[in-house]
Amino acid sequence: MNNNERLYKISEISYIAKVNKTKVWRYIRDNNISERSMKGNAKLYSEHTKDVIIKAFSSESVHLATETKADTSRILLEQIDILKGELERKNDQLDKMQSLLDQQQQLNLSTNRQNEKLLDTTTNNAPSQDDNP
């Protein structure tokens, strides 16, 4: 995500589109549009998503349905890219976690071997009953 990208709340989008917030929310829900990020409980949407929603509520275009579908497809492709990136990060985290678990197991095995050696040494050096006067 571009750090300079402006993100919009549903209320801001509805104000710009001059429609009710509920209409914007329903449009987002019906078109399976997901937010770019969250700020508290508020869902934030990208500039492109805002433009798509505003276009959907404007009556300027005769080909609005076709454009909206194309825009929705573009949004879905963006979301797929975002999710792919998240999936790659999660896979990296799993790989690191597996490596740490392997290291922990090796350390435990090494510690157990050292403990066994210490036990063997102390049992072999322990005075027997015959050594007592």
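**Asking why: burial and salt bridges**

Mentor: Thr-72 lies in helix α4; helices (H or I, at least four residues) and strands (E, at least two) are DSSP runs, numbered from the N terminus. This is a predicted model, in which local features need pLDDT of at least 70 and side-chain atom pairs count only at pLDDT 80 or more, while totals for chains, interfaces and linings use all residues. Residues are numbered from 1 along each chain as its sequence is written, and side-chain values use heavy atoms, leaving out hydrogens and water.

Trainee: Why does Thr-72 count as buried?

Mentor: Buried means under 20% relative accessible area, exposed over 50%, and partly exposed in between (1.4 Å probe, protein chains only). Thr-72 has 10% relative accessibility, and therefore counts as buried.

Trainee: Why does Leu-101 count as partly exposed?

Mentor: Leu-101 is also found in helix α4 (residues 64–125). Its relative accessibility is 46%, so Leu-101 counts as partly exposed.

Trainee: What makes Glu-5 and Arg-36 a salt bridge?

Mentor: The term requires a side-chain nitrogen of Lys or Arg within 4 Å of a carboxyl oxygen of Asp or Glu. For Glu-5 and Arg-36, the closest N and O atoms are 2.9 Å apart, so the pair qualifies. Glu-5 lies in the segment before α1 (10–17) and Arg-36 in the loop between α2 (21–30) and β1 (37–39), so the pair ties together parts that are 31 residues apart in sequence.

Trainee: Why is Asp-30 called exposed?

Mentor: Asp-30 has a relative accessible area of 51%, and therefore is exposed. The side chain of Asp-30 meets that of Arg-29 in a salt bridge (3.1 Å, N to O).
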